[in-house]
Amino acid sequence: MDIFAGLAHGFSVALMPSNLLWCLVGCFLGTIVGILPGLGPAATIAMLLPMTYSMSPTSGIIMLTGIYYGAKYGGSTTSILLNMPGESSSVVTCIDGYQMARKGRAGAALGIAAIASFIAGSFGIIALSVMAPPIAVFALSFSSPEYFALMALGLALVVLLAGDSLVKGLIALLVGLWLTSIGTDLFTSQSRFTFGQTSLLSGLDFMIVAIGVFAITEVLSSISDQEETQVLPVPKGFRNLLPNWEELKACRFAFANGSIVGFIIGVLPGAGASIASFISYGIERAFSRHPEKFGTGVPEGVAAPEGANNADTGGALIPLLTLGIPGGGTTAILLSALVLWGVKPGPLMMTESPDVFWGLVASLYIGNVMLLILNLPMVPLFAQILRIPVYILHPLIFGVSVIGAYSVAGRVFDILMLAGFGALGFAMARLKFPVAPLVLGFVLGDAMERALRQSLMMSQGDLSILISRPISAGMLIFAVGVLFLPLLPRFRRLKEAAS
Amino acid sequence: MTKSIFRDGDVIAGALTAALGTYITVTAARWDVMGPEGPGPGFFPVGYGIALIILSLILIFQRFTAARHTEEDRPFDWAGFRRAAITWVAFTASTALMPTLGFYISFGLLTLFLGLFVFEKPVKSALTAGVLSAVGFYLVFDMALDVSLPAGMLGF
């Protein structure tokens, strides 16, 4: 199936009334989640995943992905009106967005954020449609050693970019690998790290880990960092949400910058929308004719990061759908969702599950239009959500989390495990350990171990199989190089000191 | 300063993960690590267990060397930690009560408790939130979606 035939098929799937409805539900929920500080898309998708078991995989992934990219649209609202990012990817939007709002241009800032998100988001989706098929064809030549090397490379990139400390990122990753080892070994039926508990023989369920370290941790952190907030007013009337011609003209390069930077960064595992928005803002400022005005409320300071964090979605879906490698915590949950529904993300997904693959891609086009329509006229309404008292909101998140955990196997034991993982996530957050490598280690650990052991069985225990094949050798060398990158400045300083 | 460094978060975390790494390595080494047909169930855990020990020691070492240069970090927010700890204990206690009281009553009590003691709301507001959220969950998840949740002695 070529790209155009695939897209035509995808639109026939995505335009089915039920899929349109789920796309709208996902985009709507995503916008709300993006608006609410302290509740992210990863936590929401993790909480809602068990409720999608009865849905078709196509409808389920359309809705969950809608939450993923919808949150990026919604995140700008709190950045602009509260100076508090609803999402980590909207941190940069605070800088100029909040200043615009203080000058009485809140409507225009929200309008620019929505327009930039739409333009860059559309660019990312088109690039995804064009680039995914050739990458999948290339990946068809992969065997166990290449898959092991690819996962090692993905984890190396994630760890490098996930936090301030490489050591802490690696430790979190290894703890994730340990957690995924708990249960019965698939090759030999040996029970591993079960502490004599029969409930652990089948292993830890990903949903319990994900809901615990994302949703419960977010609530605990939010309660710990109790902050008073004051929402700036949103001007009433659709006209007041539209930027004027001068503002749009000032943003024309920011739209292009955000689109390209966001997509490229999105493809890299671990980089994520937050880094994309920072880089895009930096580039915009570096090439601006008036860099000194950045931070005082310039429209391009809103357009560039908002565009970048939305173009990132299309890029992030490429390694997920074509290689089965998630680039961050949220895409790891999407990967797990696909596996739970019996869909195998990877090079064969396009041919084995064309409805899911092309239906999802087409739904991104539709969802992007839905979000533009939702976000421009309905921003004043969405802003009211910020007034929900936390003493109601936080217990509600607890309640939905408990339901999500209990629906996995109908055991109270799983809810206690959920509380345990909530405490682990909170401790990690306090000690500045990144959570994303733990989740990725958990998601990829099982497949990584299987690929490694299969490779070594093929070579009868000879480790050189991993470096004697050109693709796997190249990826492993790159992975090791990536891990040594942060040490370069230290070597340089030592060399300077020595000379 | 020597006393405070041993109470440092990174040092404690490093010690804990080093202990975890030791446990993983020692336990996994008892299983088949490498057999005639290839690697066994202990192969992968032994590898990451050793890596975990090494990285944990590096984390502790980094903290000791960095401590010579930085006098003190931002003070730990004990009040915030206490709020989060109380919330977590209440959440865990409400979970433990679920087999006896059922999800809805436990959840209503949790909301009431958090409203009163964590968010320090008046009794009337906290009680209203507790009752309405429990009833709301019952209407949505039990009546509308027919989701099965832990039932208590009262049958719901």
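Among contacts in chain A between residues at least 6 apart in sequence, what percentage join residues at least 24 apart? The share is 80%, where two residues are in contact if their C-beta atoms, placed from the backbone, lie within 7 Å. This is a predicted model, in which local features need pLDDT of at least 70, side-chain atom pairs count only at pLDDT 80 or more, and totals for chains, interfaces and linings use all residues. Residues are numbered from 1 along each chain as its sequence is written, while chains are lettered from A and ligands numbered from 1 in the order in which they are written.

**Figure 1. Overall form of chain A.** The secondary structure of chain A comprises 22 helices and 2 strands; helices (H or I, at least four residues) and strands (E, at least two) are DSSP runs, numbered from the N terminus. Chain A has a radius of gyration of 22 Å, close to the 23 Å given by the globule rule for 499 residues, so it is as compact as a globular protein of that length. The radius is taken over C-alpha atoms, and the rule is 2.2 Å times the number of residues to the power 0.38. A box of roughly 70 × 60 × 55 Å along the principal axes is filled by the C-alpha atoms of chain A. Of the 499 residues in chain A, 61% are buried; a residue is buried if 20 or more other C-beta atoms lie within 10 Å of its own, exposed if 12 or fewer, and partly exposed in between, with C-beta atoms placed from the backbone.

Figure 2. Chain B has 5 helices and 2 strands, in the sequence order α-α-β-β-α-α-α. Its radius of gyration is 24 Å, well over the 15 Å that the globule rule gives for 156 residues, so chain B is more spread out than a compact globule. Domain 1 (2-67) and domain 2 (78-144) divide chain B, with bounds from an automatic or database domain assignment. The centres of these domains, taken over C-alpha atoms, are 38 Å apart. Mean pLDDT, the predictor's confidence in each residue from 0 to 100, is lowest among the elements of chain B in helix 1 (residues 2-6), at 58, and highest in helix 2 (residues 9-29), at 95.

**Figure 3. Contact between chains A and B.** The contact draws 47 residues from chain A and 53 residues from chain B. On the side of chain A that touches chain B, helix 17 of chain A gives the largest share, 12 residues. The predictor assigns the complex an ipTM of 0.91 and a pTM of 0.79.

**Figure 4. Surroundings of A:A46 in the largest nonpolar core.** This core has 208 residues, and A:A46 and A:I211 have the most contacts inside it. A nonpolar core is a set of buried Ala, Val, Leu, Ile, Met, Phe, Trp, Tyr and Cys residues joined through C-beta atoms within 7 Å. Beyond neighbours within four places in sequence, A:A46 contacts A:M207, A:A210, A:I211, A:F214, A:A215, A:I333 and A:G404.

**Figure 5. Surroundings of B:L149.** B:L149 lies in the segment after helix 5 (123-144) of chain B. This residue counts as buried because it has 20 C-beta neighbours inside 10 Å. Not counting residues up to four places away in sequence, B:L149 touches A:I403, A:Y406, B:F103 and B:F141.
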